[in-house]
Amino acid sequence: MTYQESEAYQRMWTRKGLRSEIRAAWAISLNIWKIELSYPLSVLWFIVMPFLWFIPMLITGSAVAGSSESIVLNDLAGTLDWVTYIAIGTSIIGLTISLMWGTGFSLRREQNAGTLETLMTTPMGRSTLVWGSMLHNLQHGGLGVILQLAAAILLFGVSLNVWGILPALGIIALAIIGLQGVAFAITCIVLLAKQGWMIVEFITSGLLLVAPMAYPISVLPPILQYVSNASPLTWSTEAFRGFLMNGLAYQGVAQAVVALVILDIIFFLAGALMFRYTERYVRRKGALEQF
Amino acid sequence: MTIPKVVHEDSGAVESIYLRSFKPRLMDWQAAQVFAMKNLRIAIRYPANFLIWGILPLLWYAPYILMMIAIAGPGTSQHFTELSGFQDFVTFSIIAVFVYQYVDKSIWSVGNNFRWEQFSGTLEPLFVTPVPRISILVGAAFSDTLQCTFSACVLLVISSMLFGVTYAFTMVAPIVVMLTMMVFALYGFSFLIAGLILVFKDPSVLTELISNITYVLSPITYPIQALPSAARYAAVLVPSTVAIITIRELAITGLFEPISFFQASILMLVLIIGFWTIGILAFRWGENWTKERGSMGGF
């Protein structure tokens, strides 16, 4: 019996549908976990990373505030508790960076490992590779969010409204759609420019700068406030924090959800189209495996 | 330098006076110079990088300044003034961000130098050359210091214009002296990191870890008094801490106090000797450890 006649081969070629793509994405996600967990330092970094990002912000805030309350922040954002405000807002940093860098560089990582062409010849959808990486980074970054929030509750006396946890997760789900659009765009940059990390660094750092993670957008210069309003990260951060601080009493829910849905559609469609055409262009040029 | 060659007709082997008279040395300054020139030549091929590295750190540090403004209002807070002795936290932070660029560079560039050579496939050829490895690192460190100085100055000028802060230009001479001492201490620090990276390989995680811990301990956006007491002792061991405190004092107040400057210089000298000793020992240990396991070129 030839390989082409084998059951595995036949099954592979007759596979189709969303379920098959989800299984492939899940396998990719598990594969990345296995690679990451084989480096002990990566595991250590994964655990301490959320604290190392949060601690300088906490010390800086303490140095200027002198207590756990800020009247200035109350005027700007409607809350006196700056520690909770920053702890919840910055907890999304790890998830965002994970999605941008981890997902955006998924193809480059496979290219460096010499497995990109092999993966591209499998019968899974081209974008499934990026989706699989996103699935992994969602778990990776999501665990980071949980770790940082848990540490903030246990060590720094941050309190969360439990009624807001489920709606906050819904906001994260909405945010991921828009951010996946950005990740697709980053993948295109990486496919075209190969390295391109500097452009990606500018995009990621720029999005983080205009996002209201540690400060309300009213402290930004007016031009950056416009940019901030056009970013899905802004609305997701505001709504995520709003739900976790105020629970179901969060006032800005309708505005945030509407803005997120609109931005999700724009970002996702633009990103997916960019990826589709870039991937075809790169394959046509025969530049998929070029470094 | 031209190396006269003698070709033995019978064996076809190539010998040189340099190799015949070669004796292991602790430091080869000529090799360091050649290596620095090589790195600078590569850097000059990408002129945009100098500008980018002058702008990119602004995106990383601006959130801290914006956060301070959101918590305390524009520019100042009573608690901050009591804690640090300075009025304006924006002026306070920007000069420290400028100095910290050298620390960042020493960790990411010099510490990772051999890792980049490994990626380029030139690490093993470099390691079979008859020059002390430390001279290669010193060469890399020197070229990175020059690049960093340019980028850090771009950063300082842009940040000062954006946030509207000014510093005492009359204090340039003592600032340069302190900066030079800090850079020398950082060379030792980067040798230590280079040794660790030879052993642990994975540069991103280890470097991120060291970089973030160093950042937390450095009094950039907060005075050292804001750290917990145990962390303050650890902070003094980071080569940039004393330099940041001294340079900030000079640049903001415009006053030169010989006694405190002398004390800071003595402390920096101790750090230079300490870090060079620890750095060279750690690097040699890392090199031997890697060679014994045959994992020099491994990823």
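Which side chains meet in a salt bridge of 3.1 Å, N to O? They are those of Glu287(B) and Lys291(B). A salt bridge here is a side-chain nitrogen of Lys or Arg within 4 Å of a carboxyl oxygen of Asp or Glu.

This is a predicted model, in which local features need pLDDT of at least 70 and side-chain atom pairs count only at pLDDT 80 or more, while totals for chains, interfaces and linings use all residues. Residues are numbered from 1 along each chain as its sequence is written, chains are lettered from A and ligands numbered from 1 in the order in which they are written, and side-chain values use heavy atoms, with hydrogens and water left out.

**Salt bridges**

Over all chains, the structure contains four salt bridges.

| Pair | Distance |
|---|---|
| Arg283(A) and Glu279(A) | 2.6 Å |
| Arg133(B) and Glu287(B) | 2.6 Å |
| Glu287(B) and Lys291(B) | 3.1 Å |

Arg133(B), Glu287(B) and Lys291(B) are linked in a network. Arg133(B) belongs to helix H8 (residues 133-163) of chain B and Glu287(B) to helix H13 (residues 258-292) of chain B, so their pair ties together parts that are 154 residues apart in sequence. Helices are DSSP runs (H or I, at least four residues), numbered from the N terminus. Glu287(B) and Lys291(B), by contrast, both lie in H13 of chain B, four residues apart, about one turn of the helix. Glu287(B) is buried, at 8% relative accessible area, whereas Lys291(B) is partly exposed, at 43%. Buried means under 20%, exposed over 50%, and partly exposed in between (1.4 Å probe, protein chains only).

**An aromatic pair**

The rings of Phe54(A) and Phe156(A) have centres 5.6 Å apart and planes at 65 degrees, so the pair is edge-to-face. Rings of Phe, Tyr and Trp (its six-membered ring) pair if their centres lie within 6.5 Å; planes under 30 degrees apart are stacked, over 60 edge-to-face, and the rest tilted. Phe54(A) is buried, with a relative accessible area of 3%, and Phe156(A) is partly exposed, with 29%.

**Where the chains meet**

In chain B, 38 residues are in contact (heavy atoms within 4.5 Å) with 37 residues of chain A. Between the two chains, the count of salt bridges is zero.

Definitions and conventions:
Helix = DSSP H or I, 4+ residues; strand = E, 2+ residues; numbered from the N terminus.
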